[in-house]
Amino acid sequence: SLKEAIMCFITSTAIRLTRKPLMIDSKQYQPHNTMLIHVSRFTSWQTRTKKLVEAYVKELTEKLENDLPTDKDLIYGDFERIWNKYYAYVMIGLNAYLPDNYEDEFLVPKTFDEIKHLLVTSIKDIEIKAINSQTKDILSYPDKSEKKYIAIGGNRLSRGFTLEGLTINYFIRNTNFADTLLQMGRWFGYRPGYIDCCKLFSTSDAFEKFDMSTQTIEDLEQKFIEMNRNPENTP
């Protein structure tokens, strides 16, 4: 599943590259691309994951540079299968996934044939960072250049850290603490020109815990509303 998530990151970056000419002069243009991998709070796991991801990205790069885009039995065929599994249905029915009155002039549907020639460009210069005290890696988003990061982290990425151009989130860390869940739940928000590129990989257990946290917040909000109706009960 992590390999598929990495291929999704490359695919999402390629989609965004096709829309770049339309967006580059807009104030809404976001030049950076980021993927978050959050598997454990332990630095040893994060550092090991970094090495594995580096090896896999190198493998994909070599295949994309050497295989023919027309050969569906090799890497481009693998990416087309990723497209059909994670993107095709969204592109076909994009408006059905958006809220009423949601407007985004840059959300132009794409096909795999339109993006596959950009896969080599999208994987180029990806930097893999493990953000912890052991590696001393840092994330920097300069104004005048475009960055592509796969950020592997734990606690340092879970507390108010902004990941620019986040499209893919691989979150399988297990936690029962609502504050951690709420911090990590700030994933996508408003994404002009690429909300359809965002994917979340997680577990059924994590989804249940996020649902529970959401219900807790809604219950608290309702109690505030009820207390506000009766001034004597307002804290």
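Helices (H or I, at least four residues) and strands (E, at least two) are DSSP runs, numbered from the N terminus. The model is predicted: local features require pLDDT of at least 70 and side-chain atom pairs count only at pLDDT 80 or more, whereas totals for chains, interfaces and linings use all residues. Residues are numbered from 1 along each chain as its sequence is written, and side-chain values use heavy atoms, with hydrogens and water left out.

**Figure 1. Overview of the protein chain.**
The protein chain contains eight helices and five strands. From the N terminus on, these elements follow the order α-β-α-α-α-α-α-β-β-β-α-β-α. Along the principal axes, the C-alpha atoms fill a box of roughly 75 × 45 × 35 Å. Of the 235 residues, 46% count as buried; buried denotes under 20% relative accessible area, exposed over 50%, and partly exposed the range in between (1.4 Å probe, protein chains only). Among contacts (heavy atoms within 4.5 Å) between residues at least 6 apart in sequence, 74% join residues at least 24 apart.

**Figure 2. Strand E4 at Asn169.**
Asn169 lies in strand E4, which spans residues 166-171. With a relative accessibility of 0%, Asn169 counts as buried. When its neighbours within four places in sequence are set aside, the contacts of Asn169 are Leu36, Trp187, Phe188, Lys199, Leu200 and Phe201.

A nonpolar core is a set of buried Ala, Val, Leu, Ile, Met, Phe, Trp, Tyr and Cys residues joined through side-chain atoms within 4.5 Å. The largest such core has 53 residues, of which Ile6, Met35, Leu60, Phe79, Leu119 and Ile150 touch the most other members. Helix H1 (residues 2-23) supplies the largest share of this core, eight residues. Leaving aside neighbours within four places in sequence, Phe79 is in contact with Met7, Ile10, Thr11, Leu60, Leu64, Phe112 and Leu119.

**Figure 3. Helix H6 at Ile123.**
Ile123 belongs to helix H6, residues 119-123. Its relative accessible area is 4%, and Ile123 is therefore buried. Residues up to four places away in sequence not being counted, Ile123 touches Ile10, Val57, Leu60, Thr61, Leu64 and Lys148. Ile123 and Met7 are 116 residues apart in sequence, and their C-alpha atoms are 9.3 Å apart in space.

**Figure 4. Strand E2 at Ile131.**
Ile131 is placed in strand E2, residues 127-131. This residue is buried, with a relative accessible area of 4%. A separation of 8.6 Å lies between the C-alpha atoms of Ile131 and Thr43, which are 88 residues apart along the chain.

On a 1 Å grid over the protein atoms alone, a pocket is an open set of points where a 1.4 Å probe fits, with protein on both sides within 12 Å along at least five of seven lines; lining residues have an atom within 4 Å of a point. The largest pocket has a volume of about 300 Å³, a volume being the space filled by probe spheres set on the grid points, which are joined across faces, edges and corners. Among the 21 lining residues, Leu17, Pro31, Asn33, Glu146 and Lys148 are the closest to the pocket centre. H1 gives the most to the lining, with six residues. By class, the lining comprises six nonpolar, six polar and nine charged residues. Here Ala, Val, Leu, Ile, Met, Phe, Trp, Tyr, Cys and Pro count as nonpolar, Asp, Glu, Lys and Arg as charged, and the others, Gly among them, as polar.

A search of the whole structure finds zero disulfides, a disulfide being a pair of cysteine sulfur atoms within 2.5 Å. For Cys8, the closest cysteine sulfur is that of Cys197, at 10 Å, which is too far for a bond. Cys8 counts as buried, at 0% relative accessibility. For Cys198, the closest cysteine sulfur is also in Cys197, at 6.7 Å, again too far for a bond. Cys198 counts as buried, at 15% relative accessibility.

**Figure 5. Loop residues with positive phi.**
Most residues other than glycine have a negative phi. Asn101 has a positive phi, near 65°, and is found in the loop between helix H4 (88-92) and helix H5 (112-115). At 77% relative accessibility, Asn101 counts as exposed. Asp125, in the loop between H6 and E2, likewise has a positive phi near 65°. Asp125 counts as exposed, at 58% relative accessibility.
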